[in-house]
Amino acid sequence: MIAIFLALGAAASNAVASVLQRRAARELPAKEAFRPALVRDLLRRPIWFGGIAALIAGFLFQAAALSKGGLALVQPLLTAELPITMILVARFSRTRLGPGGWGAVAAVTAGLALLLSTAAPSMDTRTPEPLDWIIAAGGTVGAIAALMATAHVIGRSGSLYRAAILGVATGLGFAFTATFIKAVTRLLDRGFWTLFVSWPTYAMVVTGLGTLFLLQNALQSGSLVAAQPALTVSDPVASVIYGVTLFGETIRLGPWALAEAAGFALILYGSIHLVRTPTFREHESAARSPESSFAAGD
């Protein structure tokens, strides 16, 4: 039970980070995408540091949750980030979600509850072998590289598709980073100093920073309407796969798979409708205006 509360704390922190970082990244020139100048200019924006602080809090909550529960349990709970993000957007833009928005929040919440109650994910039962890590890393890097290449081909003219594709790539990155977080939490049993002489610690840092760079480009390259649902849904899907293949976690299949698919469908349905609400669209318009009330607090 404690893992559930910790995971929800991570989701809330990530939602705050997403809103703040998006505000900072979206106002930068499009030509800075995938260039060091993007990071340089972000470092000049105080609001971006607020997003980073929230992201760090989310990491700590997530690490604590993964020390108590498996990937297949913790990561899907991070789906709650999207409805929390919407509530924050409504709060900061001083608008209301309306019946449609709250219905979409309910759909995401119901889908998450249905998914976890029917999948009944177990704790991890094995330690990944070196070959397991090599295969997982090769598959993940290859998939992210293919997605980035596709986004590059699409270019700025297809910003919605580009943002969605980069959102999926970012979701894969966060899910893979979570596997190293899980591995690092196990190292703590051997003592704190073990972290500094074990490769998963450095792999976690590298993948985390790489994913953070992907996140900035996903948020800067197009609308959050496209990037956020793609990120939010791809992360738990990939995490369940990593949990089963790397750590030996189990989920119920057979007839239960239909209910699990229905849960994912509800999450997807709710995610799509959340980002189509007037509240979200108004937030997108306000993000482009330096005179907006939210931006005034930068």
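**Exercise 1. Name the residues that lie nearest the centre of the largest pocket, and describe the lining.**

Step 1. Leu55, Phe59, Gln62, Phe174 and Gly208 lie nearest the centre, out of 31 lining residues. A pocket here is an open set of points on a 1 Å grid over the protein atoms alone, where a 1.4 Å probe fits, with protein on both sides within 12 Å along at least five of seven lines; lining residues have an atom within 4 Å of a point.

Step 2. Two or more lining residues come from each of α1 (2–26), α3 (46–68), α8 (159–187), α9 (199–221) and α10 (224–247). Helices are DSSP runs of H or I, at least four residues, numbered from the N terminus.

Step 3. Sort the lining by class: 18 nonpolar, 11 polar and two charged residues. Gly counts as polar.

The model is predicted: local features need pLDDT of at least 70, side-chain atom pairs count only at pLDDT 80 or more, and totals for chains, interfaces and linings use all residues. Residues are numbered from 1 along each chain as its sequence is written, and side-chain values use heavy atoms, without hydrogens and water.

**Exercise 2. Find which residues of α11 are buried, and where they sit on the helix.**

Step 1. Glu260, Gly263, Ile267, Gly270, Ser271 and Leu274 are buried (under 20% relative accessible area, 1.4 Å probe, protein chains only).

Step 2. Look down the axis of α11. The buried residues fall within an arc of 105°, so they line one face of the helix. The arc is taken from the directions from the axis to the C-beta atoms.

Key: Buried means under 20% relative accessible area, exposed over 50%, partly exposed in between (1.4 Å probe, protein chains only).
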